[in-house]
Amino acid sequence: MAGELETPLINKKYYYENCPGCNVDQHKSGQAGLPIKELFTIWIVILGTALPISSLFPFLYFMKKDFHIAKREEDISTYAGYVGSAFMLGRALTSVFWGAVADRYGRKPVIVFGTFVVVVFNTLFGLSVNFWMAITTRFLLGFLNGLIGPIKAYAAEIFREEYQALGMSTISTAWGIGLIIGPALGGFLAQPAEKYPDVFSKDSIFGRFPYFLPCLCISLFSLAVGIASFWLPETLHNHDSRMPPQSSYEALEEAASDAKDGNESAPKENLFKNWPLMSSIILYCVFSLHDMAYTEIFSLWTVSPRKFGGLGYSTVDVGEVLSISGFGLLVFQLSLYPLVEKCVGPIVIARVAGVLSILVLTSYPYIAMLSGIALSVAINFASVIKNALCISIITGLFILQNKAVDQRQRGAANGIAMTAMSIFKAIGPAGAGVLFSWAQKRLDASILPGDQVVFFVLNVIEAIGVLLTFKPFLVEKQTT
């Protein structure tokens with residue numbers, strides 16, 4: 001039985017009573033104003049998943065040092081990179097599977113399950129006693145958590161069309177803030193028995209497991225998000241659109257509407273032949289490789305000793321920098337990005353942001369020459385700008401990917417994107433760790449000595465991404 005919305009005959013829309021997707025569509029059709037509730041829901045789910053991904057970076061160097069697995073100090077970064085890559089490697093192996101599950105059984109089950117996976121394996125990572133336990137728990141965290149692809153499809157379906165850019169901006173904002181606040185929490189809360197001896201005893205669990213406290217706090221937040229996720233509305237349509245709603249005339253009209261909208265009665269296209277989708281995914285992979293390598297290198301660079309070209313920061317200092325960056329990113333994405341995207345479009349934003357990012361990264365080796373208040377001001381300003389530019393690019397690519405496919409294939413499309421991106425993001429930390437260790441061994445080189453070669457390689461990757469934003473490579477799907 002289908003109820004119909006009172007509109008002109010040519011634009012009739014039928015809603016099936018027992019279809020959760022139709023219920024959401026009907027709610028959207030009568031919704032007025034900014035969808036605050038939906039924005040907040042998407043924001044906390046993404047934040048709960050993003051926090052553990054990079055929360056380990058500020059203390060990873062010290063964790064590997066405590067494991068005594070590296071024979072030389074210069075090699076610690078290499079082992080840190082392996083642990084950083086384990087999560088993305090696990091996610092690369094199962095992202096397509098989780099996307100298919102979301103298209104078959106719904107977005108909500110995958111979202112709920114993925115959130116509880118964070119609770120279990122992020123907690124176990126904080127209790128790691130050796131290098132192999134750390135790698136295994138991070139790998140399983142990525143392998144069993146397929147949330148990111150389905151949540152992007154969910155966001156595209158939960159918002160009205162005029163709020164699509166804001167919805168995608170919410171995802172990338174929460175993701176970006178999670179990748180910044182996560183390390184900030186890791187920096188502030190790691191080794192609490194040393195930093196806050198009046199509160200945490202060396203004989204307590206937080207003294208025996210110095211990296212457990214930040215993991216525990218993030219897991220408790222994810223637990224609350226997981227429980228709240230049970231009340232999320234499902235957006236996937238479960239009715240058979242080939243069944244006529246009420247009359248033969250209405251069935252004819254519904255069939256025409258289905259053909260136009262790409263509903264279940266129309267054959268599914270081969271996603272790998274959808275060039276607007278595939279070109280945006282490839283570009284997404286390039287920028288993801290850069291962003292993950294940058295995140296790893298930034299944390300290693302800031303805590304490494306001055307004699308190796310680093311800033312010599314403590315984990316608390318890194319936490320302060322990333323906290324300021326997180327606040328700046330939140331303000332930028334929620335206030336400026338939707339306006340800019342509406343004026344110039346996601347492709348132009350990606351190009352301009354890529355070029356500006358290269359200029360910012362070029363300044364980093366010179367920032368390391370500063371000290372005192374000048375260093376603090378320069379690194380905070382550069383970090384805010386760099387992270388805002390990174391998230392602007394990713395947001396635009398989210399929009400392009402979801403525009404390139406219809407709802408029935410959105411989960412699968414985002415699964416493909418997550419698999420490809422995860423492979424590149426797995427390469428990022430491992431490659432960055434090896435590159436950073438190598439750079440510390442060539443401080444006296446005549447060409448690009450020390451950390452200069454690190455930021456040069458990052459800029460080369462970013463430049464490749466900028467070049468790929470032009471036609472004929474990147475093509476935006478035209479909507480009719």
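**Pockets, cavities and a helix pair**

Modeller: Happy to, and please keep in mind that this is a predicted model. Let me start with the second largest pocket, where helix H1 (20-29), helix H2 (36-54), helix H7 (148-158) and helix H11 (212-228) each supply at least two residues of the lining. The volume of this pocket is about 340 Å³. It has 17 lining residues, and those closest to its centre are Lys37, Thr41, Trp231, Leu232 and Pro233. H2 is the main contributor, giving 6 residues, the most of any element. By class, the lining consists of 11 nonpolar, 4 polar and 2 charged residues.

H11 also takes part in a helix pair. Helix H5 (residues 107-126) packs against H11 at an angle of about 165°, and the two axes are 8 Å apart. An angle over 145 degrees counts as roughly antiparallel, so H5 is roughly antiparallel to H11. Their crossing is left-handed. On the H5 side, the contact is made by Val112, Thr115, Phe116, Val118, Val119, Asn122, Thr123, Phe125 and Gly126. H11 answers with Phe212, Cys215, Ile218, Ser219, Ser222, Leu223, Val225, Gly226 and Ile227. Of the residues in this contact, 11 are nonpolar and 7 polar, with no charged ones.

The largest cavity contains about 290 Å³ of space. Among its 21 lining residues, Leu179, Asp291, Tyr294, Thr295 and Asn387 are the closest to the centre. Helix H8 (164-189), helix H13 (275-303) and helix H18 (372-403) are the elements that give two or more residues to this lining. H13 has the largest share, with 8 residues. The lining of the largest cavity divides into 13 nonpolar, 6 polar and 2 charged residues.

The second largest cavity holds about 50 Å³ of space. Its lining is made up of Arg91, Ser95, Trp98, Gly99, Asn145, Gly146, Leu147, Ile148, Gly149, Pro150, Gly415 and Met418. Two or more of these residues come from each of helix H4 (76-105), H7 and helix H19 (410-440). H4 supplies the largest share, 4 residues. Here the classes are 5 nonpolar, 6 polar and 1 charged.

Conventions:
Residues numbered from 1 in each chain as written. Predicted model: local features only at pLDDT ≥ 70, side-chain atom pairs only at ≥ 80, totals over all residues. Heavy atoms only, no water. 1 Å grid on protein atoms, 1.4 Å probe; cavity = no way out; pocket = protein on both sides within 12 Å on 5 of 7 lines; lining within 4 Å. Points joined across faces, edges and corners; volume = space filled by probe spheres on them. Nonpolar A, V, L, I, M, F, W, Y, C, P; charged D, E, K, R; others polar. Axes fitted to C-alpha atoms, helices over the stretch in contact; angles between N-to-C directions. Parallel < 35°, antiparallel > 145°, perpendicular 65-115°, else oblique. Left-handed = near helix turned anticlockwise from the far one by under 90°. Contact = heavy atoms within 4.5 Å.
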